[in-house]
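Hi everyone, and thanks for coming. Have a look at the structure on the screen, and I'll walk you through it.

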Amino acid sequence: MSMSCATADEIDLIRTIDAGRYAAPEALCAPHCRQALAWSDWETDFAKAMYEMLRILENVLRRAISDRLSAHYGREDWWNTPRLHLTYGTMSKIEEAGEKLSRAGVSLTPTAIQREVPLGFWVTLVGRGNDYETQLWRPMKAGFPGYRGRREPFYTRLNHLRLLRNKVAHQDRIGGRRLADDRQSVLTTIGYVSEGAARRVETADTAMPQLLANRPGVCPQRGGSKS
């Protein structure tokens with residue numbers, strides 16, 4: 001194995017911030033290669049930009065679903081409707097949100113609870129559940145006027161984005177993904193609710209296109225070239 005291109009101070013920094021986790025091994029000339037810092041910085045910047053877009057998606061998804069279900073079941077706390085039978089896992093997310101808000105001294109309003117539950121909660125509502133096709137999907141799908149397909153493909157898309165959000169939130173490496181496709185998937189899903197909102201989000205996001213065009217490549221000492 002060739003000697004690392006990094007200085008002693010850079011190697012110490014790489015170890016301290018665990019920068020090596022963000023670059024593919026074949027991109028580095030050594031385990032503690034200077035290029036790991038480039039990948040770490042790039043991943044940090046891209047994760048910030050992606051998280052902001054996913055945050056908007058979560059808000060859009062929450063409003064679209066909660067508005068339709070509240071209208072259909074005639075109450076803001078639609079999950080407490082006696083004729084609605086949610087799974088234990090779904091209801092546990094509501095209970096966990098309520099407990100967290102109570103500990104923080106926040107009033108347990110329907111709005112507060114719905115803002116507190118995680119993205120996975122909303123994705124689950126589009127899943128199979130206890131006949132969620134009839135209980136939830138049919139009344140909620142009007143909240144996605146831009147979508148014309150069946151529930152299952154929509155759930156698959158949402159779950160893919162949920163997993164992406166988890167990777168971003170847990171600081172996992174995302175540089176090896178097809179990130180341009182991920183970005184477009186977020187915009188497409190927002191567009192199912194509002195094309196205007198999707199256009200606004202896309203216009204505001206100048207960071208991700210630039211980062212995608214300047215993704216770090218292989219360490220020059222390894223003999224590679226920038227990809």
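**The largest pocket**

Let me start with the lining of the largest pocket: Ala49, Glu52, Met53, Ile56, Arg200, Val201, Ala204, Asp205, Thr206, Ala207 and Met208. Before I go on, please keep in mind that this is a predicted model, where local features need pLDDT of at least 70, side-chain atom pairs count only at pLDDT 80 or more, and totals for chains, interfaces and linings use all residues. Residues are numbered from 1 along each chain as its sequence is written, and side-chain values use heavy atoms, with hydrogens and water left out.

What do we mean by a pocket? On a 1 Å grid over the protein atoms alone, a pocket is an open set of points where a 1.4 Å probe fits, with protein on both sides within 12 Å along at least five of seven lines, while a cavity is a set from which the probe cannot get out; lining residues have an atom within 4 Å of a point. The general idea is that rolling a probe the size of a water molecule over the atoms shows where empty space is left.

How much space lies in the largest pocket? About 150 Å³, where grid points are joined across faces, edges and corners and a volume is the space filled by probe spheres set on the points. Three helices each supply at least two residues of the lining: helix 2 (35–73), helix 9 (195–204) and helix 10 (207–213). When I say helix, I mean a DSSP run of H or I with at least four residues, and a strand is a run of E with at least two, all numbered from the N terminus. Helix 2 gives the largest share of that lining, with four residues. By type, the lining residues divide into seven nonpolar, one polar and three charged. Here Ala, Val, Leu, Ile, Met, Phe, Trp, Tyr, Cys and Pro count as nonpolar, Asp, Glu, Lys and Arg as charged, and the others, Gly among them, as polar.

**The whole chain**

Let's step back. The chain has 10 helices and zero strands, and its C-alpha trace spans about 70 × 40 × 30 Å along the principal axes. Of its 227 residues, 43% count as buried, meaning under 20% relative accessible area, with exposed over 50% and partly exposed in between (1.4 Å probe, protein chains only). As for contacts, meaning heavy atoms within 4.5 Å, 68% of those between residues at least 6 apart in sequence join residues at least 24 apart.

**Rings**

Now for the aromatic side chains. How many aromatic pairs does a search of the whole structure find? The search finds 12. One of them is edge-to-face because the rings of tryptophan 39 and tryptophan 42 have their centres 5.8 Å apart and their planes at 75°. The rule is that rings of Phe, Tyr and Trp (its six-membered ring) pair if their centres lie within 6.5 Å, and planes under 30 degrees apart count as stacked, over 60 as edge-to-face and the rest as tilted.

Both tryptophans lie in helix 2, three residues apart, about one turn of the helix. Tryptophan 39 counts as buried at 6% relative accessibility, and tryptophan 42 counts as buried at 5%.

Another edge-to-face pair joins phenylalanine 144 and phenylalanine 154, at 4.9 Å centre to centre with 65° between the planes. This pair links distant parts of the chain, 10 residues apart: phenylalanine 144 is in the loop between helix 6 (132–140) and helix 7 (151–169), and phenylalanine 154 is in helix 7. At 1% relative accessibility, phenylalanine 144 counts as buried, and phenylalanine 154 also counts as buried at 1%. Ring pairs link Trp137, Phe144, Tyr147, Phe154 and Tyr192 into a cluster.

Back at tryptophan 39, arginine 173 lies over the face of the ring, at 5.9 Å from its centre. A charge sits over a ring if NZ of Lys or CZ of Arg is within 6 Å of the ring centre and within 35 degrees of the ring normal.

**A few single residues**

Serine 40 is also found in helix 2. Is serine 40 buried or exposed? Serine 40 is buried, with a relative accessible area of 6%, and touches Ile17, Ala19 and Tyr22, not counting residues up to four places away in sequence.

Finally, aspartate 18 lies in the loop between helix 1 (8–17) and helix 2. Aspartate 18 has a positive phi of about 55° although it is not a glycine, and is partly exposed, with a relative accessible area of 42%.
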